[in-house]
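Please keep the sequence and the 3D view open while reading.

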Amino acid sequence: MERTNITSLVKYADTLEDKVFITTYKIDTKFVEGKLSTEWISYAEELNASGSSRWKVNMYGSSYNTPMTDKQGNLIVYLEASKKGDQSGSSQLSQDRSPGEVKVISEGAVKKSYSLSARSYAPVIFDDQQNAYIVTRDAVITKFDTQGKLIWKLQIDEDTNVLENGTAMQLDKDGSLLFYSSLIGYDKTKVEKTEQSEYFKNRLLRINQRGELQSSIKSGLYASSVVSLDNGMNVINGYNKVVLSDLKSTKLTEYNTNSPIYLTYRDINTIYVGTESGRIIAFEIKQASNKGDAVSITFGNLFPYIESKSTYSLFATVKWADGKEQTNPQGIVYRSNNEKIAYFDKQGLHTVGAGEVEVSAEYLHLKTTMKIKINERAYMNEPGVTYSAQLVKKWGVSLPTLNSSINEVYQAPLISDNGTVYALSSQGKVAAVSLEGKLQWQYDLKDQVWARPAIGPDGRLFIGTNSGLLTAFDPSSGKQVHHNMVAANQRNTMIGWDRSSNRYTGFTNNNIVRDGNKRSVTSYLEASNVSDTRLWSISLSGEITHFEPTLNDTGDTLYVITTADEWVGESATIPSGIVQIRRHGTLYAINASSGSIRWKYELGVSDNTFYKPLLLQDGTIVTSSSQGTVEAVDKEGKSKWKKNLKVYAYTGPFLSENKLVIFKPGENIGVTEGEELIRFINVKNYPESTNSINQQQNEWLLTLSDNTYASRGRHSLASYNLAGKLKWELPIAGEKTAVSRISNNFQVAVIDSAGELTFSDIEVKHTSGLLFSDLKLHWAKGAVEELAAAGVVDGFPDGTYRPAAQVTREQFLAMLAKKLKVSVKAENLSFLDVPSTRWSRPFIESAVTQGWIDASKYGNRFKPEQPITREEVAVWTAKALKLIEKTDGLAKISDKSSIQASNLGLVGGIIDSGIITGYKDGSFKPLATLTRAEAAALLARM
């Protein structure tokens, strides 16, 4: 006689398809040699949508517990030895402490199995490396590797008359295992289920990664079932109550159900509890929304390539919803997935061997990971392709002839955002050449000019002269629209604007006042509004050293550095003798509304100059000198730290990946050295100024001058990746040339010694090797490489593209602008968290100006590093392409109610165009994020 029974029904829900599994057992009873024999045979099978069997497999063991599925959709079953004959006489203690196994079944085959010392009623949990943790009824916790081999085994209690009733396990942020143990004495058949019963031994156990018991805390909670929340809290079955506890099993709050309960189901925001009295209670999981919420976490001082046998300090930054940041907050956890190569302790990350390792930083619900390659010498073995670059001339124009008798020369030309090129000579000759190579207009100021020109938010060209004159030209006609003697007999040293288009103009007196060995000058600084009306003016001691002003995020404080000279070695008898010039620097914090000085800070001495101050997101002001000193000053004007780097720096620092990057001359071209917050990129030639460096998302574009005396006046163009590796270098032919900064569109303007202005595209090609090492067999390889060749997308310094990584808002806007070949420009600053120093500001501001983004929907913070949603992608792309709004494409979208009503037409239009489509299940998933591979495929379809 045969009988088949269904023992369980399990559903696995996936974004692409659902899977339905059932387990059954067959009882085969028959007489063998005159005796009644019963055989139990268990099966697992997957059902098709029609209900027919897709596959069926004999589990060769009797299933005693409800199966589960893992994240990959595999079926996990709990088995014991195949039963023959009647087992009803066996005691519960002996049955539960008898050996068993757990099998992982995929596509009709046993993928792996775990041999257990007893039954298990607890869910199997897996860590990031897919190692399995299983607790069994004989009070044993076992860890298995990915092949099902034993890693370690821990006996919780040696008493053979107890059964482990706890089922709640979770991995803590430091990699240790937390287990809520609940031991029941089997010899007492009638146990009163109270929290303090002597027959219940409830403990919270912490087990380290080696399988050793670290701590045991007595718990008053009966933890037969737990729901773990993202913030580290746990919802526990407290028998007649639901209890919220922390990781130490400390009771925080509880809800009385007045009946025994079962924690039955959890979806995204709700926990559903069923009670024995027949009630179902729903508990809402509320996401915290106060200003103290942590919203992001980033590494600050780790890079894709670092050296072995080194220690790197811990430096991860948590950003809060109110905009504040905190470095290494209490409770942050650092982890390495291979401690044989690199491990963390209180001193930092220790690299002990060569190889690849993944490190992570976790805080509350936040986590950031990074893959690092550790070499004997950092950055020397970087994989990737060989790049080459060439200039493709678009046009050439002869400029007005210069007066060689007074050594008149052209400055570096300026490329505007609309492609107009401006040329300015040292004697005030101005010429404007259109994008098509036509001379639009020219003008002769007949005045000496040392400062470079500047383009205002309204497109006007501003030039300050050495006599104190400030002139503004209409960019189209060349007509003077502003002509004002700001500070007579003073030379222009600063022009810049804030987010309200207020202009800050600085001039320094040409008359030097001598007082003993000191040489002092004064500077004049004024603020004017968009109508050129003066708002305030002040006098500062010393010469303003940087052409562009620095303002804080709120725009209420202006930071300016001045220097005063001291001539060491000069005497009254030999006033023209050999002297050493020391420049004493002062940092001013000025009220941007009134011009009053909030505070000033003395920076010490430099042999040459101090560079433009750099503002960090926490409000810290970083100052630097050509002599290699770097100092951080807080918002109140107090020193935070100071370092003497003992190098000669040609420019001030830049901020990249939370690291201060300084370019310095060196023979080891492209090698980056790190010291805490500081990072050097060695270049053979030197950048002429901070303005000759264009900071991009994944590379630095540099205009360099030859450092050798014989070749002084020659230039080259170069690109370095973020790891400091030279990607390509392109010499500029001829001496005594003037070369512009490389534009965002990879264009450059050059004025040669004969006065010819040429405008060229820079074409960059990869000449050998796999373009991205992680795309060899990837489905998006073709689209990514096509876009990379066009300069739309780029990879990372380690030679990867990282197709599965999420795309941020700023990254997508950059890709979209480059794909559409939009001329980008940084206009009025719309968002507080997009400062002028951020690489993506021109793309974000241009997107706002052109109407791709409705700035009012984001308030004063854009959150550029936040992953972009599919709805944002659809809306921004539809607006950029000027698509007609349609709703036809939404007819088959099952979750269109999740799309904002104001965006329905735009989303429908983009779906109708075929650029973005829905999923196979009919959904659009507007809040889902976009991967870098998906972004490339989308852009390639445009």
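How many nonpolar, polar and charged residues does the lining of the largest cavity have, by class? The lining has 4 nonpolar, 3 polar and 4 charged residues, where Ala, Val, Leu, Ile, Met, Phe, Trp, Tyr, Cys and Pro count as nonpolar, Asp, Glu, Lys and Arg as charged, and the others, Gly among them, as polar.

## Basis

The model is predicted, so that local features need pLDDT of at least 70 and side-chain atom pairs pLDDT 80 or more, while totals for chains, interfaces and linings use all residues. Residues are numbered from 1 along each chain as its sequence is written, and side-chain values use heavy atoms, without hydrogens and water.

## Cavities

The structure holds 4 cavities of 30 Å³ or more, a cavity being a set of points on a 1 Å grid over the protein atoms alone where a 1.4 Å probe fits but cannot get out, with lining residues having an atom within 4 Å of a point. A volume is the space filled by probe spheres set on the points, which are joined across faces, edges and corners.

The largest cavity holds about 60 Å³, and its lining includes W497, R503 and D532.

## Helix α7

In helix α7 (residues 932-940), 7 of the 9 residues are buried, meaning under 20% relative accessible area with a 1.4 Å probe and protein chains only. Helices are DSSP runs of H or I with at least four residues, and strands are runs of E with at least two, numbered from the N terminus. The buried residues of α7, among them R932 and L938, pack against α2 (781-789), α3 (809-819) and α5 (870-880), with contact taken as heavy atoms within 4.5 Å.

Note on methods. Buried < 20%, exposed > 50% of the residue type's maximum accessible area, 1.4 Å probe, protein only. 1 Å grid on protein atoms, 1.4 Å probe; cavity = no way out; pocket = protein on both sides within 12 Å on 5 of 7 lines; lining within 4 Å.
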